[in-house]
Amino acid sequence: MRARATHTELVVDGKPFLMVAGELHNSTSSAPAYFREAMQHAKSMNVNTVIASVAWEQFEPQEGRFDYSFIDFILKSAREQQLKIVLIWFATWKNGESSYAPLWVKADTKRFFRIRNRSGETMSAISPFCTAAMEADAKAFAALMAYIKAKDTHHDIIMMQPENEAGAFSEMDYNEVALKKYGEAVPQQLVDYLVANRDGLEPELKAAWNQNGARRQGTWAELFGGQHYDAQNFFMTWQYATFMNEVCRRGKQVLPLPMYVNAWLVQFPGELPGKYPNGGPVSRVLDIYRAAAPAIDFLAPDIYLPNFREVCRMYSRPSKKNPLFIPECERTNPGKAYYALAEHDALGFGPFGIESLASDDAYALSFRILRDELLPQIQAHRGTGKMRAILKEGNEDTASVTIGSSRLAIEYLDKGKNAYGIIIQTGNDEFLVAGINFRVAFGSTTGKKVVIGEVQEGGFEQGRWVVHRYLNGDETYHNTFLFARGRSYSVRASGGSRV
Ligand code: N0T
């Protein structure tokens, strides 16, 4: 990871790398032939990166005996298809549960104890307070990283996601050890972070702390207690973050690849922790992860909710060095990839279940243009303020975009369809527009009249702009509008100041 003034980059073999990605279904990496076919299909979807998983239960079927064949066939297919891999470690937690822990772990409920709910009953998931689980998980993960280090000579595995959507389906773990810790002082490490970052804390954490007098000493309940299980949520988060940090730390000691953890998001405002996995990396606890887990590079959202743009804003946090990466997304709109990459300097975007999307649908088409034509443009304009994205999210008919002193009025064309694209100011009076289902009229923030001078319809071949047609007349309403219809357009919006 490389931090720049305005954003963070993922650097692969010395070059910044943007991921047009897709995540595979959960069971796809469980056997070589099935995986190989899925990778072929992923390739036909025009991604450059596949997010694949390794299951702890398959990797370490007996304690201390590792089956490395999974890494072998993942690397083999990655080479064959020339695809990069983000590797998920389905281990102690998968969607809050522990279904991917090996049987020898599952069977030993004493050594690997479970979360207890309010009535004292054991739940199915392993407790984040179980240090034996943390030890076993971290040990296996380090073995995985050692094998990757030895075998991945082409650096095809570029990033790791330890665990998946961690968190407890209870407001609290009522195990004895958890209750004891809950009554102890909040760790100094967190207090120091709160004090040092007082003004920039996430709103809910800040409110809970301030309501209790911004104390610098005391138990979790004394510092954050009040309502909505805030104290319990921050406490549980501290524990999950500590556990996953240790897994990352031990892995990085062997091979320091970037590592992130992903979130099952709060599903609606006010939803209580425990309904969503409590302690997972939801945005309200970004600070707690930052304070507890220096080995976790960033937090990432799995987005199945309609408020895509809002979630992007919550996770794209340059001031906290949290770049946006969307490892999972519902699959209704490939424009979300354009939006995340161009508007939020995202590291990448992946729809969930890339191998079950049809290779003749909108994803394949727009991912091809994005990967082969637009990524270099997007890369070149990150942090310049000259790049914006268009994304119709709901029933809105119009949008307005300002770049420098240019004001662009966007109107969506077919209201029932996806509309998305990017607009980059490439010169004084010159714009690159790529997208679909909208039209643009050019104007200025100073009120000066702007007219379209020339429109080239074209594309990038080997990085060079190639003109397919010159558009005017009916095709631009006599240079009133640029119509984005799924290709790229270079527009001269002539002489704002001269007209
Ligand atoms: C995702 C995926 C996969 C009450 C679901 C989404 C993936 C996991 N979980 O297909 O299982 O491995 O990360 C959780 C969405 C929560 C919605 C809750 C509604």
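Colleague: Where does glutamine 377 lie?
Modeller: This is a predicted model, and in it glutamine 377 lies in helix α14, residues 362-381.
Colleague: Is glutamine 377 buried or exposed, and why?
Modeller: Glutamine 377 counts as buried because its relative accessible area is 14%, and buried means under 20%.
Colleague: Leaving aside neighbours within four places in sequence, what is glutamine 377 in contact with?
Modeller: Ile424, Leu432 and Phe460.
Colleague: Other topic. Which helix is aspartate 137 in?
Modeller: Aspartate 137 is in α5, which covers residues 131-151.
Colleague: What is the nearest side chain of opposite charge to aspartate 137?
Modeller: That is arginine 250, 9.4 Å away. Aspartate 137 is buried and has no salt bridge.
Colleague: Now the strands. How many bridges join β17 to β18?
Modeller: There are 6, and the two strands run antiparallel. β17 spans residues 398-403 and β18 spans residues 406-412.
Colleague: What is the bridge partner of isoleucine 403 in β18?
Modeller: Serine 406.
Colleague: And how many residues are between β17 and β18 in the hairpin?
Modeller: The hairpin has 2 residues between its strands. Glycine 404, in the turn, has a positive phi of about 60°.

Methods
Residues numbered from 1 in each chain as written. Predicted model: local features only at pLDDT ≥ 70, side-chain atom pairs only at ≥ 80, totals over all residues. Heavy atoms only, no water. Helix = DSSP H or I, 4+ residues; strand = E, 2+ residues; numbered from the N terminus. Buried < 20%, exposed > 50% of the residue type's maximum accessible area, 1.4 Å probe, protein only. Lys, Arg positive; Asp, Glu negative; His and termini not counted. Salt bridge = Lys/Arg side-chain N within 4 Å of Asp/Glu carboxyl O. Contact = heavy atoms within 4.5 Å. Pairing = 2+ DSSP bridges.
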